[in-house]
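The following exercises concern the structure shown below. Work through each task before reading its solution.

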Amino acid sequence: MEWIGWLLAGVLLVVVIVLLWRQRRAMMEFLEERTNLEKRSRSDAQLLRKSAEEAAAAVRADAERALQQAQERAREAMSDVERRREELEASIAAQRAELRTQRSAQERAEARLHEREDRLSADAEGLKTRAERLDAQRVEIRKLREQLEEQREEVSLELERVAGLSIAAARAEVIAEAEKQARLNATSLARDIEQQARRDAEKIARSIVVTAIQRCAAEQTSESVVSSIDLPSDDMKGRIIGREGRNIRAFEQITGVNVLIDDTPETVLLSSFDPVRRETARLTLEDLVADGRIHPARIEEVYERSRRSIDERIRRTAEDALNEVGIADLHPDLIPTVGALAFRTSYGQNVLRHLVECAHLAGVMAAELGLDVAFCKRAAFLHDIGKALTHEVEGPHAIIGADLLRRHGEHPDIVHAVEAHHNEVEPTTVEAILVQAADAISGSRPGARRESLEAYVERMEHLEAIAKAHQGVERAYAMQAGREVRVMVTPDAVDDLGAQTLAREIAREVEKNLTYPGQIKITVVRESRATETAH
């Protein structure tokens, strides 16, 4: 039992020693950590002191630089003030010199005024003396005139006694005889001058017209109402027609052109009286055939692109024609109207080429007559511009064109020449008569015009105008050489029953207002569409 006690005492001693050793180790670690903290504190304090010293040095440097800059600005300000003071002193000196110069000039002017006053005084004295002499001469002249009058009366009385006539009667007889002789001479001279002027005028006019015709070479025109489209194969005709004819119907409704598909191999014909519409349809069909994809949506897309291409071609054609005749300042809004005339005809003659030809003719005749060549060419070139709007505006094309040019600021003499070229207004200027002459020469040359095509085009336009005049009509096309009118109406404005009524009313108006061979079929198309875009 005793050794157990000793064992426990040893264990306790060991435990006490271990605890004391750990406490001592912890105390040493605490002392070491405190020493490290003191070292770090001293180091941080040194760093802070160093940073403070550096900051103070930087502040001192900045202050010194600011002081130097302030001193430099002060020196610059002083130099600026000194320079301004010198400039001010120089300006004051210049002003003083100018004042002295002005004062001396004023003194010289006053001296000259005094000299002039002295001269005027002397001149006034001289004029007074001359006036007195003139008064004396006037009195002498009056006396002489009285003496002459007395002598004239005596002579007159003696002449009346000798001749047996009074002076008034003799004067009247002499004047009557002289007047009779002058009338005879004037009548004879006027007749000779008139005959000579007529002979010379006819000779000169004939020479001018012949010269203008010889110098203006114009091509003959030949218009057609049919365009031919070449196909790569006959299989393409079936694709143009489409399933149950939907493609060809859509093409005709969109373009307003009749498509003729017959037995002619690899060829399709487009028929329309409107050349712009037919050319647009031709470009559309050629693009569709080249692409190979033919369906209603594609037809609409290609037609819009072709229409834009035609509009651009119209503008280019107008610009080329204006450059050809030398007009560079035409109002931009008139250029599309001029270009549209390239697709218009008058009795088979292309209107734009007719205008160019008239401009050249007028220029040649104006040069022969000594007139303004550019002015006459401009008037002749614009005289038929109203034909581009005859299907939109009622009235003669000369008046329509004159109103159009007047709204766009053309010269009044040019406007008068345009409105007077068909005598709707009496021509009052040489230029207006010259435009009439150029128009007559261009239209009367061999091969220039044909009557049948113009009448046919007018009938087609009248057909479309009758249909478009009704409410709810969106588009109207005369097709198959005028044997059919295709009318597209707005579905919201015209119902099915209204479409039948509209067709009957159009047919009745056509029977009443037009003369035509055979029959004309009126077809009213009412089509509803729903369109949405998928995003």
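**Exercise 1.** Determine the strand order of the open sheet of three strands and name its edge strands.

Solution. Step 1: the order is β6-β7-β8, with mixed pairing; strands are DSSP runs of E with at least two residues, and helices are runs of H or I with at least four, numbered from the N terminus. Step 2: two strands pair if DSSP finds at least two bridges between them. Step 3: β6 (473-479) and β8 (521-526) each pair on one side only, so by this pairing definition they are the edge strands. Step 4: strand β7 (residues 484-489) runs parallel to β8, joined by six bridges. Within this pair, M488 has V525 of β8 as its bridge partner.

This is a predicted model, in which local features need pLDDT of at least 70, side-chain atom pairs count only at pLDDT 80 or more, and totals for chains, interfaces and linings use all residues. Residues are numbered from 1 along each chain as its sequence is written, and side-chain values use heavy atoms, with hydrogens and water left out.

**Exercise 2.** State which buried residues helix α10 (residues 397-407) has and what covers them.

Solution. Step 1: buried means under 20% relative accessible area (1.4 Å probe, protein chains only). Step 2: the buried residues of α10 are H397, A398, I400, G401, A402, L404 and L405. Step 3: their cover includes α7 (335-340) and α11 (412-419), where contact means heavy atoms within 4.5 Å. Step 4: just after α10, G409 adopts a positive phi of about 80 degrees.

Methods
Buried < 20%, exposed > 50% of the residue type's maximum accessible area, 1.4 Å probe, protein only.
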